[in-house]
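Keep the 3D view open as you read.

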Amino acid sequence: MTDMTAVSTETQPPAPWPDDASLAAASHGGPMIELRGVSKEFLGDRSSTTTTHALDNISLTVNEHEFITVIGPSGCGKTTLLRIVAGLIPYDSGQVLVKGKPVTGPGPDRAVVFQSFALLPWATVLENVAFGLETRGIPRAEREEQARVLIKTVGLAGFESRLPRHLSGGMQQRVGLARALAVNPDILLMDEPFGAIDEQTRRIMQEELLRIWGYRRKTVLFVTHSMEEAVLLADRVILMSPRPGRVHEIIDVPLPRPRGRETERTREFTDIKELLWDKLRVMQTV
Amino acid sequence: MAAAAPQPTASAAPFDPAPAPRRPRRSLARRLPVEGLSLLAGSLLWEIAGRTMDLPWLPPLSMILADLVTLLGQESVRANIMASLQALVIGFAISLVFGLVVGALMGRFRSVEAALDIYVNALLVAPTIILIPVFFAIFGLGDGTRLSVVVVYAVFVIIINTMTAIKTVDPAMVEMARAFGASEAFIIRKVMIPASMPLVMAGVRLGLGRAVKGMITGEMLVTFVGLGALAARFGSQFDMSKVFAVSLIVLILAAVTNWLAQLVDDRLTRWAD
Amino acid sequence: MLVAFLTFWEVAARLAHNIGIATFSDTMVAAWDLMFGNGRIWEAMLNSNAALVLGFAISAVTAVPLGLAAGRSRILDRALSPYTAILLAIPVAPLVPIAITAFGLSLAARVSIVILFAVIFIYVNTRAGVRSVDQRLVEMAHAFGASERTIWTKVVIPSAVPAMFAGLRIGLGRALTGMVAVELLLVATGVGKLLLEYRDRLQPAYVFATVLFVIAEALLLLELARFIERKVAPWND
């Protein structure tokens, strides 16, 4: 690929890890996402009258630049929670605020990375990455320029004109990540983004995500069912319990950053993971 | 999202967002019998148009229904219906046996598929009606023409679906049965046949619909018996109301046979829902 | 394989001794005559295809937007569903006299029959294409704040293209059937007239040859449709 972009993340020297002071100076550092007593029920299908309490009285604050992971047994409503914050589904009661404003639908301040990748099968990598910008009416030249930068960032340079079905799962989700980052959102909402990817690739993707997050430091809400992943990535892990979906506990992860594979070998990492498993084991029904 | 998120308004598309917090409730449009109302409105419109416009080709619906009752009361008409049914049943039975056997062979053996594929596909997509004069030239005015028209309408879709069904049986399932030491006959009986049943039955149902069309078209073109001959006769007398009435009989026939096929289908493929 | 089939045809026809059956070689001679001898096939084809082209075009132009709309609007879909069921089940052949009464022995009558044959399959497939759009893609587009218009042009319609083309192909085949049906039944013109005439004059070789021409046209048109589809929707191989 020709290097037509003047500024690309790859050509910059690796960004130094931003210290807390410089981050605080650059932003208001206040709450980015606030949930106040949010509840959600799903009606059963047409014939039945059963309802499911997907979420029950959820209260939660996510601060700017925070990386939050959400974990819990299936049926705990973690994906529902993410979709409510994304503005994709309505909630029944309570309040959902993003940057202090109530959520009434999807907005340019949030971008979603989907478990199923949700790439348009007829669109090339470049077109897929530029999709979010296209919906905002950004002219072709400009959006493609931005998209190329992000394609490079996620390590897909040279694949711009490929179709999704010619890419491996890991590469497809790199496209999904680039698409989300391309709109330069304040918040990244990631719904089990590596759940459909094999273990080896997933580990590489986790490292990639940490690397990219290192110099962008978006606020991230990351749903997962992997305990290693939850602890490795997060500043705080939200542990949810099922039926009805509730916040069971919030666990701090005071591990130093930048993190990587070596983090997983530390005693502190193992301790937090074991703690998480002890709590999950109790509510897990097989 | 559509499956889980209740639609907030009547006009909401399956992919409309419903972001505003509100109590979900069932919309009015969901509860209305839209299909029935639409059919009623269409019938009324027809009746009114038929009465006011007085076009020879658009008799009022009530007149058609009255003719339908009259026709069904006539001995000769009932004899023609029976004649049509006979051609349909025999022709469809031939199609079924032939279609299932040839389709299964094509699905199981690559050589058979390679040999027949092009002809089956050509005859499936080519306008079948063009063959009717050929059959007429060969078989004349006899039952041979009527039956062969029904068969040529129905058989190819049964062949294609049966072939595809056999070919797409999950190889993992067959392998599983082999791993348990099942014999080839056992695998066919217990794995291949049930697994291919939904697609096979879909082909059989399509074939049945086409058989009804073949029956009526063949009768219109080449014979003096059956519903098709009735329709042709009324058509040449320009008695449009009776033509519509005969069409209605055929439609009822198609609906009843489809319903019967549905019953069989439901019994055979209950696991697939 | 083709050789085997043609040999079988030739031998069987010779052994059959049926005045209705022409041998392969006789059929080829007749085909040659139809093309370059009396040359009647060209005029007949041209005449027949006028109804086909018009009827198919009108079918496509009405059925595709209607299918898109019904795929999107549940209420429209339900309102149309009884008529869809009727049109799918009803044999069109008996309706030919009605079209003749309405339009006379004209091109309009032939076109209307072609439409009756073709339109429903295009509609049903287009609707199914819209219905089967991957909802996860639609949700993704919503999450990125796409407008309704963007969702239609960038997600729904591209997704529906393969099913739509399948419907157009089936519709094309049906349109050909309609074209021949009306010519055989009432308006003796085009290839239908040719067929009936040669049948009545007991010239089976010419009947067979004409049939082959129509089948060849059907296959050619379908191949053409496939070609266009590959151009329009190359991601769907």
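Predicted model: local features only at pLDDT ≥ 70, side-chain atom pairs only at ≥ 80, totals over all residues.

What does strand 8 of chain A pair with? On one hand there is strand 3 of chain A (residues 67-71), which runs parallel to strand 8 and is joined to it by 4 bridges. On the other hand there is strand 7 of chain A (residues 187-191), also paired in the parallel sense, over 5 bridges. Look for A:Phe222 in both pairings: A:Thr69 has A:Phe222 as its bridge partner, and A:Met190 stands opposite A:Phe222 too. To get from strand 7 to strand 8, follow helix 7 of chain A (residues 199-216); the three elements make a right-handed β-α-β unit.

## Chain A as a whole

Now zoom out. Chain A has 10 helices and 10 strands. Of its 286 residues, 58% are buried. If you take contacts in chain A between residues at least 6 apart in sequence, 72% of them join residues at least 24 apart.

Where is A:Asp235? You'll find it in the loop between helix 8 (227-233) and strand 9 (236-241) of chain A. Leaving out residues up to four places away in sequence, A:Asp235 touches several others, including A:His65, A:Phe67, A:Trp213 and A:Ile251.

Next up is A:Glu228, which sits in helix 8 of chain A. With 31% relative accessibility, A:Glu228 counts as partly exposed. Not counting residues up to four places away in sequence, A:Glu228 touches A:Phe269 and A:Lys273, and its side chain has a polar contact of 3.1 Å with that of A:Lys273. Check A:Glu274 as well: A:Glu228 and A:Glu274 are 46 residues apart along the chain, yet their C-alpha atoms are separated by 9.8 Å.

## Pairs of opposite charge

Side chains of opposite charge can pair when their charged atoms come close. Over all chains, the count comes to 40 salt bridges. One place to start is A:Glu134, which forms a salt bridge with A:Arg143 at 3.8 Å, N to O. Are these two buried or exposed? A:Glu134 is buried, with a relative accessible area of 18%, and A:Arg143 is buried as well, at 10%. A:Glu134 also meets C:Lys154 in a salt bridge of 2.7 Å, N to O. That pair crosses between chains, from helix 4 of chain A (residues 131-135) to helix 8 of chain C. C:Lys154 is partly exposed, at 32% relative accessibility.

In chain B, B:Glu219 and B:Arg146 form a salt bridge, with their closest N and O atoms 3.3 Å apart. B:Glu219 lies in helix 9 (residues 184-222) of chain B and B:Arg146 in helix 7 (residues 143-167), so the pair ties together parts that are 73 residues apart in sequence. Both are buried: B:Glu219 has a relative accessible area of 1%, and B:Arg146 comes in at 8%. Back in chain A, A:Glu199, A:Arg203, A:Glu207, A:Arg261 and A:Glu264 are linked in a network of salt bridges.

## Where chain C meets chain B

How many residues are in contact here? On the chain C side there are 52, and they contact 50 residues of chain B. The two chains bury about 4,700 Å² between them, 76% of it on carbon and sulfur atoms. C:Arg78, C:Ile98 and C:Arg199 supply 13% of the area that chain C buries against chain B, more than any other three residues.

Between these chains the count is 1 salt bridge. B:Glu35 forms a salt bridge with C:Arg78, with 2.9 Å between the closest N and O atoms. There are also 5 residue pairs in polar contact between chain C and chain B. As for the side of chain C that touches chain B, its largest share, 12 residues, comes from helix 8 of chain C.

Conventions: Residues numbered from 1 in each chain as written. Chains lettered and ligands numbered in written order. Heavy atoms only, no water. Pairing = 2+ DSSP bridges. Helix = DSSP H or I, 4+ residues; strand = E, 2+ residues; numbered from the N terminus. Right-handed = clockwise from strand over helix to strand, strands pointing away. Contact = heavy atoms within 4.5 Å. Buried area = accessible area lost by both parts, 1.4 Å probe. Salt bridge = Lys/Arg side-chain N within 4 Å of Asp/Glu carboxyl O. Polar contact = N/O pair within 3.5 Å; in protein donor to acceptor, adjacent residues only side chain to side chain. Buried < 20%, exposed > 50% of the residue type's maximum accessible area, 1.4 Å probe, protein only.
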